[in-house]
Amino acid sequence: RLLSWAQEPDNCNVCHGGTVAQKNVAAEFANAAKFSRHPVDALQWTHDPLENAASMPGHVTCADCHNPHASTNKPAVPPAVPGALQGVRGVGAGGVPVAEAAFEYQVCNKCHGPREPTSPGIVRAEPTRIVSTKIDPSNRSFHPIASIGRNTTIRGLRTPYTASSMIACTDCHNNDEWNATTGLAPRGPHASRFAPILSRNYLTADRTPESPANYDLCYSCHDRGTLLAEGRFPHRKHVVELQAPCAACHDAHGSRQNAHLVNFMVRDANGAQVVRATPSGRLEYASTGVGRGTCYLTCHGETHNPISYP
């Protein structure tokens, strides 16, 4: 393709390696502390501009997300595609290819939309890990990436977020050193100290002590004081007293079956059992009103058959 360098990323690093471009993107991938990263150097010359996302070999390279002929530094309001991702092919709702992505999530869907991932991860009651399926606006609940969220009564959001806010994939999956004020580090999900390429810490293992640091990602949008207030939600008992992680109950991208992103974690990313069915085989959640719900499950040795909250 008339490219100058034998290693595919080096064609970008000529400028984005700390010389010409303002941001040193190459340093993100070279930083050993940022163990969670898009592996752009793992497979060379696999990407093809006309590839079919549903059947292409698994890979990621700079050109999967960036069109060097069309990209700009223009910001965008979610869900619109930002200038850095301008002119890139995408995948829309239902896995339908899009010649040019209009929304940021359509670019992410090229890899995180067509099929189940093969890497180890959390196992949930409703087991799909396809992100495009989880954020589908037809679901019972979802983070507002492809559409405004369903829960108009949501409480405890930090300013400026409201029930009508929308967010981008890169609001959560981003460089852990990026700062909107200084703008010194490059923005985007190139690499991070927090897996899976998260802007802030978000621990998901069972028996995680609650702290602002351990759930920093959640508390960047959800007010910690409101969530942990006695009597308002079941969070204090579970997250603080029993050290159940947020991820034990909530599937961050979305839930096809339940309100409030509820999709119980059966096993954590390390394979440890977290939530299981009751002795009679029930593993269910039912929303019974604003801030209220009923659970059938067994967790931390206690059977909920059912238990209602608050």
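A: The account below starts with the helix and then turns to the pocket. The model is predicted, with local features needing pLDDT of at least 70 and side-chain atom pairs pLDDT 80 or more, while totals for chains, interfaces and linings use all residues. Residues are numbered from 1 along each chain as its sequence is written, and side-chain values use heavy atoms, without hydrogens and water.

Helix 4 spans residues 104-112 (helices are DSSP runs of H or I, at least four residues, and strands are E runs of at least two, numbered from the N terminus). Its buried residues are Glu 104, Tyr 105, Gln 106, Val 107, Asn 109 and Lys 110 (buried: under 20% relative accessible area, 1.4 Å probe, protein chains only). The cover over these buried residues includes two helical segments, helix 3 (62-65) and helix 5 (131-134). Strand 2 (90-91) and strand 3 (97-98) are also among the elements covering them (contact: heavy atoms within 4.5 Å).

Helix 4 and helix 5 also each supply at least two residues to the lining of the second largest pocket (an open set of points on a 1 Å grid, with protein on both sides within 12 Å along at least five of seven lines; lining residues have an atom within 4 Å of a point). This pocket holds about 170 Å³ of space, the volume being that filled by probe spheres set on the points. Its lining has 16 residues, and Gly 92, Ala 93, Gly 94, Ser 132 and Asp 136 lie nearest the centre. By class, the lining comprises 8 polar, 6 nonpolar and 2 charged residues, with Gly counted as polar, Ala as nonpolar and Asp as charged.

Notes:
Buried means under 20% relative accessible area, exposed over 50%, partly exposed in between (1.4 Å probe, protein chains only). On a 1 Å grid over the protein atoms alone, a cavity is a set of points where a 1.4 Å probe fits but cannot get out, and a pocket is an open set with protein on both sides within 12 Å along at least five of seven lines; lining residues have an atom within 4 Å of a point.
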